[in-house]
Amino acid sequence: MQRWTIVFFARVNKGVKLTMSDCIFCKIINGDFNTEFVYENEYAVVFKDINPKADIHLLVVPRKHVESLNELDDEILLGKLMMTVKNATKKLGIKSYKTLINTGKEAGQEVFHLHIHILSGKMHF
Ligand code: 5GP
Ligand code: ZN
């Protein structure tokens, strides 16, 4: 490979940012993995966490790709997401639960598509 080609790829790769097409939650929302949605509405989908940290562990995920709470500037969407927590838990008969939003790598965020954890029953940590 010629030197200029290597330099070109190095530059391009350095600037690579996770795009929506690389995002696992966007793929789930898109139906790529046939993930079952236990609840859904216009704004969000709710599905079971693949690696549950509680007896019941659900994720509320906005249909719109937003990396984290730090990038969210839509108050209406934030309200809709919290109402989704309320309506989904009510529909599923979950009366008592914790909610959690990990924001940023150091806080434990692994998937950079905003999501709200719903944890109920015995915690597994
Ligand atoms: P975070 O650490 O970003 O707040 O939470 C990400 C959560 O997504 C983790 O609890 C992890 O188990 C879950 N998760 C990661 N990949 C998948 C997946 O492909 N399917 C499902 N259902 N959950 C996932
Ligand atoms: Zn996404």
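Student: How many bridges join β2 to strand β3?

Tutor: This is a predicted model, in which local features need pLDDT of at least 70, side-chain atom pairs count only at pLDDT 80 or more, and totals for chains, interfaces and linings use all residues. Residues are numbered from 1 along each chain as its sequence is written, while chains are lettered from A and ligands numbered from 1 in the order in which they are written. Helices (H or I, at least four residues) and strands (E, at least two) are DSSP runs numbered from the N terminus, and two strands pair if DSSP finds at least two bridges between them. β2 runs antiparallel to β3 (residues 54-62), and the number of bridges joining them is 5.

Student: Which residue stands opposite V45 in β2?

Tutor: β2 also runs antiparallel to β1 (residues 39-40), with 2 bridges. β1 and β2 form a hairpin with 3 residues between them. In that pairing, V45 faces E40.

Student: Why is strand β2 largely enclosed by the rest of the structure?

Tutor: A residue is buried if 20 or more other C-beta atoms, placed from the backbone, lie within 10 Å of its own, exposed if 12 or fewer, and partly exposed in between. Strand β2 covers residues 44-48. The strand is largely enclosed because the buried share of its residues is 4 of the 5.

Student: Is D49 buried or partly exposed?

Tutor: D49 lies in the loop between β2 and β3. Within 10 Å there are 15 other C-beta atoms, so D49 is partly exposed.

Student: Which residues does D49 touch, not counting residues up to four places away in sequence?

Tutor: Two residues are in contact if their C-beta atoms, placed from the backbone, lie within 7 Å. For D49, the residues touched are H57, L58 and L59.

Student: Which residue in β5 does L59 stand opposite?

Tutor: β3 pairs with β5 (residues 116-123) in the antiparallel sense over 6 bridges. In this pairing, L59 stands opposite H117.

Student: In β5, what is the bridge partner of K98?

Tutor: Strand β4 (residues 98-100) runs antiparallel to β5, and 3 bridges join them. The partner of K98 is L119.

Student: Which residues have the most contacts inside the largest nonpolar core?

Tutor: A nonpolar core is a set of buried Ala, Val, Leu, Ile, Met, Phe, Trp, Tyr and Cys residues joined through C-beta atoms within 7 Å. The largest one has 17 residues, and those with the most contacts inside it are V46, V60 and V61.

Student: Which elements each supply at least two residues of this core?

Tutor: In soluble globular proteins, nonpolar side chains tend to be buried together. Here the elements are α2 (24-29), β2, β3, α3 (75-92) and β5.

Student: How many residues surround ligand 1?

Tutor: A residue counts as near a molecule if its C-beta atom, placed from the backbone, lies within 6 Å of it. The closest are I50, N51, N102, E110 and V111, and the total surrounding ligand 1 is 13.

Student: Over which residues does pLDDT stay under 50?

Tutor: pLDDT is the predictor's confidence in each residue, from 0 to 100. The protein chain averages 89, and 85% of the residues score at least 70. The stretch under 50 has 1 contact beyond four places in sequence, and covers residues 1-17.
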